[in-house]
Amino acid sequence: MIQLLFILLLVPLGAGGLLLLFSGVSQQRSARWIALGGSLVALALSLQLAADYRALQAEQGVSASDSPIAPRVEYRRTWEIIGDTSTPGAAADAIKLEFHFGLDGISVVMIVLTALLGVVCVLSSWDAITERESEFYAALLILQSGVIGVFCAFDAVLFYVFFEFTLIPLFFLIAIWGGPQRRYAAVKFFLYTLAGSLVTLLGIITLIGYAAKGGLTSPCSLPELAAWYQAHPMDPWLQVGVFAALSVGFLIKVPVFPFHTWLPLAHVEAPTAGSILLAGVLLKLGTYGFLRFCLPMLPDACLTVGLPAAAILSVIGIVYGSLCALIQRDVKKLVAYSSVAHLGFCMLGLFALNVEGMTGGVLQMVNHGLSTGALFLIVGMFYERYHTRMMDDLGGLASRLPLMAAGMVFICMASVGLPGLNGFPGEMLSLAGMFKRNPLYAAAGATGLVLGAWYLLTMLQFVFFGPLKEPAVHHHDHDRHGPIRDISFRELAALLPLAAACLWIGVRPQPLIDVIRPDIEAVAKLYDGRPPVDLKALAVAKVQQRSGQEQ
Amino acid sequence: MATAIEQLTNGVHFLAPELILVVAVCVMFLTGPFFVTEAGVGAPGLRKRWGALALVAIGCAGFVWWTSDAVRPLDTGPFRADALTWYVRGLTLALGALISIVLVDQIDDGHSAESQACLLAILVGVNLTALANDLIVLFLALELVSIPTYVLLYLPRRGEANQEAAIKYMLLSIFSSAIVLYGMCMLYGAAGTTNLAGIAEVFSAGKSDGAATLVRLSVALLIAGLSFRLGAVPFHFYAPDVFQGIPSAAAAMLSYVPKMVGFAALLRLLPLVDGLGVTEAVSGPSAQMLIAALAIATMTIGNLLALRQDNLYRLMAYSSVAHAGYMMIGLVVQSENSDVSGVGALLFYLATYALITIGVFALFAGVSSDKSPVRTVSDLAGMSRIHPAVALALAVCLFSLTGLPPTVGMLGKLNLFLASWGEGTTLGRSLAIVLAVNAAISAWYYLRLIGVMFFDTAPAGEKSKLTLAPAVAGTLCSVASILLFISPQQLWEAAVKFVP
């Protein structure tokens, strides 16, 4: 099974490398077929991987494990031993970086999502990208490999490596094939996230260094690190410091208000495929980071500081993001702001720190990937047709493009959280989890549901209903586009799997929950009956102790 | 007690790689003039032969290095061979071969013999610095690096900028040598011997406690003089002007060799007075604080000044200043407190930085020609269309300088982070934070170069032809930076073997 994972990692990378190698000489139009082939193979492999994983899970039983992070499949190989390696004894104690790949329920789910969105991205770029095609698809596929790498890395440094690596292909995607302000957007996105993740690196290094000093021999391995911190918790104040350092990078990546300013710009300027991947999986790297580092390793800090801070920021993000979405006239920007709001729900769920909330949070990660991905896809479709995304220029498209309108209504309903579609279980579980912790935050967050319905329905009404309003057809490329047609077979092929997944999760979320539940329970167990720490009293006690020693 | 001559003859077999290079230098200097006309013009293609000869000499020296395992016990002889020597030799020979390849096409046929000979002499000087066990030998080795460097910088004679660069470098280098020499004199005055092992013995015995002020002054002078070679602020101001005027092979050499000798000399000299009991005031804290302050100033100022540069060579000069600052962090970290050796992190970083930056200059040389020189940022416009492979290799190198995966630059920075943060002191932590901030700042100007290469359109007109040899050398560097990222263990072990 681990071989399958390696093949899955290498297939998009290999296809991307191939495209890059022949970028100068190949027939440009053949690039998309290679890309489609590569991403379809990756999707098939990921589905096989998920099926294998389910079988393994059935075999091993679904009981929660002892360590908060417990991959069921693992591959470990020494990468670099940093420290004294002069004698074997010393080398065993030195800090070891490893190629430590593995799979648990959460990573399997996210990998399948990534592979699915990969195919959607290729299909959505089919006609939209006409310039430097093979390089475009190469960047897309390499990005996909990088994201899959993040989700299956179980070494702290390896995780960081993939986390950082994803910046590079996305930077090129935005900066070469983006909108008019692409250079600015790409640089802002790159520097903002890079600066954040460097602070995160300091946090990771503190985690590693503290455990290494405490005698853990492979302090970079996430499962061992988490188990070690369960047995030897850090001093609560130190936990808060490390939590803050780790959070900077993850909060920027998610992004949580007030670190979200790079996101709308990057989304608006990115090509459709870039937006789909950015919203669909790259933002999840932030929440996934919280799930892998903060929640299992720093329980006191998460409970005492993280819970209120994340909840308040998420609630602000939900309300602020929704209000911003409400006043946008550019549909793509509206969807971008809706991302800020939806990820607020996700954070709210994760930081409920109980099984319901965290299950909801992870579900919301998947849901947001599917529905926002689909929203960006449809926005891309009518942008390709009309070369505008402004609500004021468009109206009544339902009569012109009935199938597309139907798709849009369906996806909007999923995004709003209509029962029976995927948004519902995710948001409900998140809010229910938070309600158990603190009803106030949950109530405040729930206003987002109303606001979400408001802005999405307003947008639907403007763009798809009412009297027909179309911008003047651009004559210079008229010959290429012909008359405006409804959704094509290729576009349908991109949209249908997403819509089907939305419906499936909405009707039967249980199989998905079964896959992720054991891993979530393992983390949530840390918080069962854990009282919050009184940090102030602790600090006072420390000061008194110190002055006592001096006397 | 053996006489000096006896010591030298006993020590000769420790010098085999250097002797091979010196023989090659002599051959080139002596026979070179006979192959050119009186006007100094050589037959076309001559430069390739001299380049090949230099590579053969480096190859032979490398073979001897690889098969040697002579480790000389620390005694009163003029040379000592230890893990640092082994590391520096291997690194210098490998990188010297790369520089030599780049140099071949950067010099006219008439002056190629002298140029290659100077390069080899410089390499010998670097190795001798790491071999030195005596203040005199150390100083001579430093001069053996400096003097051929002046000639190497002057030989291309490409107009006024080049001459200005050569003169500027020469004057300031002599000035810094004088400062180093002054520092060494004081050290000799305090210890009464020029032998490094002897000095260490005197200081650790506490025999020279009366001369604490003298030793303190000498440490300050040595750090100042050697900072010039490292390119550390405030001794960096020559770097951009010099880099601006010289060809890329010389720039590649200047961004590696002076740093290597500077750090090798510091690694030899600082432990003498560091914590060995001269008095508490000299050892540990004061020298450590001095270097820490220099490191912070160097990386911050280097990066900030690089932001506004439009000339590629000036930009790379400031980048090399900034990287010197990162490396100095390794000197500050006290190894006993940290799981990760600071000196090991420094040596690892130095190797990877040198590899990458030589790669960058080699690629600049590869796409540059007399008709369309690549000297400013805008000269790189549209490179991804004209020479896609070169642009990709250059992008890999630049990402590596930024410290992004999957390149070895990331591991270099990670080691420094682990060393400084793991030390657990406020000083170490603040250095790590400054390093993180600077890494983010530096991303801006490296990204700018990548942006120009990939997003700008190429100017109309004749497209420059690729010079194959340097382009291949540069591409090798970028591939090596990815391979070293995947399996860094050998390099790291070689780097941490040396314990000062």
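The model is predicted, so local features need pLDDT of at least 70 and side-chain atom pairs count only at pLDDT 80 or more, while totals for chains, interfaces and linings use all residues. Residues are numbered from 1 along each chain as its sequence is written, and side-chain values use heavy atoms, with hydrogens and water left out.

**The A–B interface**
- Here 35 residues of chain A are in contact with 41 residues of chain B (contact means heavy atoms within 4.5 Å).
- One salt bridge is counted between the two chains; a salt bridge is a side-chain nitrogen of Lys or Arg within 4 Å of a carboxyl oxygen of Asp or Glu.
- The partners are A:Arg183 and B:Asp456, with their closest N and O atoms 2.8 Å apart.

**Salt bridges within chain A**
- Over all chains, the count comes to 22 salt bridges.
- A:Arg76 pairs with A:Glu98, the closest N and O atoms being 2.9 Å apart.
- A:Arg76 is partly exposed at 34% relative accessible area, whereas A:Glu98 is buried at 7% (buried is under 20% relative accessible area, exposed over 50%, partly exposed in between, with a 1.4 Å probe and protein chains only).
- A:Asp127 forms a salt bridge with A:Arg490, at 3.4 Å between the closest N and O atoms.
- A:Asp127 is partly exposed, at 35%, and A:Arg490 is buried, at 14%.

**A buried pair in chain B**
- B:Arg268 forms a salt bridge with B:Asp82, their closest N and O atoms lying 3.0 Å apart.
- Both B:Arg268 and B:Asp82 are buried.

Note on methods
Chains lettered and ligands numbered in written order.
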